[in-house]
There are 2 protein chains.
Amino acid sequence: MSLPQQQRFPWNLDWNLLRTFMVVVEQRGISKAADFLGLKQPTVSAALKRLELSTGKQLIIRKPNEFTITRPGQALYTECAKIFGSISQLPSLLDVDKAELRGHLSIAITSSVISEHFDDFLNRFSQAHPHVTYSFSVNESEDVATMISQNRASFGICLLSKVPQNLNTMVLYREYFGLYCGTRHPLFHAKTITPDDLRGEPFVAFQTEAEGGPLEAISHLRARMGLANTWRGVSSSLNEIRRMIMANIGIGALPIHVAKQDVAAGHIRQLPPYADLPMVNIYLITNPARRKSDAEAAFLTACEAALSAIDIEDRTYALE
Amino acid sequence: MSLPQQQRFPWNLDWNLLRTFMVVVEQRGISKAADFLGLKQPTVSAALKRLELSTGKQLIIRKPNEFTITRPGQALYTECAKIFGSISQLPSLLDVDKAELRGHLSIAITSSVISEHFDDFLNRFSQAHPHVTYSFSVNESEDVATMISQNRASFGICLLSKVPQNLNTMVLYREYFGLYCGTRHPLFHAKTITPDDLRGEPFVAFQTEAEGGPLEAISHLRARMGLANTWRGVSSSLNEIRRMIMANIGIGALPIHVAKQDVAAGHIRQLPPYADLPMVNIYLITNPARRKSDAEAAFLTACEAALSAIDIEDRTYALE
DNA sequence: AAGGCTCATAGATCTCATCTATATTGAAGG
DNA sequence: CCTTCAATATAGATGAGATCTATGAGCCTT
């Protein structure tokens, strides 16, 4: 449970000590800093000692005659001064009018995005800002990335075969893909299924399973299991893949957290393998060059907050 | 004495509340934040209330059912997240090796820089870093600025007629210029001196007193007092101006804090006017495009700290 | 209505930053 | 060599205030 010491640092640290340290450096002395701060000398002395304990570095060499700031101390001072600057500007930053947030968000998204977390977040954001409007355009992942590059939408949500330059990305969630067959498939009612049973089976596939695409890993999985060499059905839409599996056009891959309810309802059945399944990241991408509207900025901020609060493990959708 | 409320903000604020606020936003709730922080709910509730009191803004609308972050709250969260980020990176930042700072500082400076504060700072810095070496090249202000633009020196110290684009500047100190005459000048022993006594008097001048130069204000002063139309001596060096004044080549302007000791020693005498004297800033200029060495970065940091500690009023050299 | 969430409030408690007082250190000066 | 001075460190007392427990109030669900 305990994180490495490095990670805990900002939590254990008393942030006010940074301000005190800044003053000590600027006033060149503990006594002078104490005067400046309206405190007594032992107070500041103790504070500095606490900070040195937290950082694990000697920051200032202080003797009756000497007062020298060590190299770590110099570096720390620079940062403290910056932080102080940010905090100084907070009042004016907060002085935005409280008018209802208005504006429009155009979101480019792929069909296969299914995430409780994201729906939940969207719900909360729309409740908090009832005057923000939304448009969703559904596209293939590649086109989503292109639209964001061309600044034609506020954000994109899609799969990525490689993280593009010039775009900011954050991982919304992760999913695993498993193989499934429909009720009409002979294997659906088999007692046990061995990997060999899949040999030569026809299959349906996402267009993005092609070599070089973001779902490339799925085609590797198929190759590993020895399925047929060519597809029998193809689509870029998750819903159509699901339809084709249930219609028994072929075996196909689905995100297991999406398939789960269909499995529970007895519509489809998962096939081997059950471990080492391909994992895929679903990204929210933005164009840093875009001049963001208030609504877009607020959305991004809220989204970052939401993602910070949830560990990536908890946004990794696996069978529990 | 009391600064505007805005200025006091970073001092009055408990910086740790920023961290708490960040968690409240990310966890979407006071109770959840309390769990996360290992505290109890009323504690966090009180903390948030304190923060809202400090900022003077409602940050979160919290009711048993509702949890909405206001616009100021959103803005604050963004900043808090940034600050948290900086603090998280502190440990690695402080992990610089403690080896003695070495390196060289090449400083381009004008002749007329005379400042206890700067000498004092330089002394302390050189004591703290005995292995740093220095070279001073004395040039006219304009050339100093050019050298820095061309990245041919670490820093420059000079007068500026206008603050240049593309260079960072900070005011080292301010000085006032007064008019002086030497012992051999008839006015030196006059009982009283009226402004009219200066009419038509010959004078000596800094080259930078020319129209458009940084000391332009001095030529305006001369015009106001009705001195002769053309100069009798000119130099870019303060020492030579001083020499010419004492040699009675003409009346001349000197920084009053520099002239003070000569006045006290009976070498020169100040002439009217005694008020509304031209004020001049002496700048330390740096080239932001320069890739700074460790020594240069440390020097700048230390210099910023020193300047932050001393109010500009106290770096304004006037007769006290 | 009852139960279960949420957050706010009140009062008790106890931690810990701050204080006063004193010791230590090293330099400067008689 | 022994003060004096000016700085920092240490020790112990004190008190403000952050934290706790306990309770109340509002709102939703069952």
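Colleague: What share of the contacts in chain A with a separation of 6 or more comes from residues 24 or more positions apart?

Modeller: Start with the idea of a contact: two residues are in contact if their C-beta atoms, placed from the backbone, lie within 7 Å. In chain A, 74% of the contacts with a separation of 6 or more join residues 24 or more positions apart. Keep in mind that this is a predicted model, in which local features need pLDDT of at least 70 and side-chain atom pairs count only at pLDDT 80 or more, while totals for chains, interfaces and linings use all residues. Residues are numbered from 1 along each chain as its sequence is written, and chains are lettered from A and ligands numbered from 1 in the order in which they are written.

Colleague: Which residues does Cys158(A) touch, not counting those up to four places away in sequence?

Modeller: With those set aside, Cys158(A) touches Ile109(A), Thr110(A), Ser141(A), Val144(A), Ala145(A), Tyr283(A) and Ile285(A). Cys158(A) also belongs to the largest nonpolar core, of 169 residues, where it is among those touching the most other members, along with Phe21(A), Tyr180(A), Phe21(B) and Tyr180(B). A nonpolar core is a set of buried Ala, Val, Leu, Ile, Met, Phe, Trp, Tyr and Cys residues joined through C-beta atoms within 7 Å.

Colleague: Why does Val258(A) count as partly exposed?

Modeller: A residue is buried if 20 or more other C-beta atoms lie within 10 Å of its own, exposed if 12 or fewer, and partly exposed in between, with C-beta atoms placed from the backbone. Val258(A) is partly exposed because it has 19 C-beta neighbours inside 10 Å. Across the 320 residues of chain A, 38% count as buried.

Colleague: How many helices and strands does chain A have?

Modeller: Helices (H or I, at least four residues) and strands (E, at least two) are DSSP runs, numbered from the N terminus. Chain A has eleven helices and twelve strands. Its radius of gyration is 28 Å, well over the 20 Å that the globule rule gives for 320 residues, so chain A is more spread out than a compact globule. That radius is taken over C-alpha atoms, and the rule is 2.2 Å times the number of residues to the power 0.38. Along the principal axes, the C-alpha atoms of chain A fill a box of roughly 90 × 45 × 35 Å.

Colleague: What rotation superposes chain B on chain A?

Modeller: Copies are superposed by least squares on the C-alpha atoms of residues with pLDDT of at least 70 in both. Here a rotation of 180 degrees, with 0.0 Å of shift along its axis, brings chain B onto chain A with an RMSD of 0.2 Å. That is the relation of a two-fold axis. Of chain B's residues, Trp15(B) comes closest to the rotation axis, its C-alpha at 2.8 Å.

Colleague: Which residues come nearest to DNA strand D?

Modeller: A residue is near a strand if its C-beta atom, placed from the backbone, lies within 6 Å of it. Of the 19 residues around DNA strand D, the nearest are Ile30(A), Pro42(A), Lys40(B), Thr43(B) and Pro64(B). The largest share of that surface, five residues, comes from α4(B). For DNA strand C, the largest share of the nearby surface is four residues, from α4(A).
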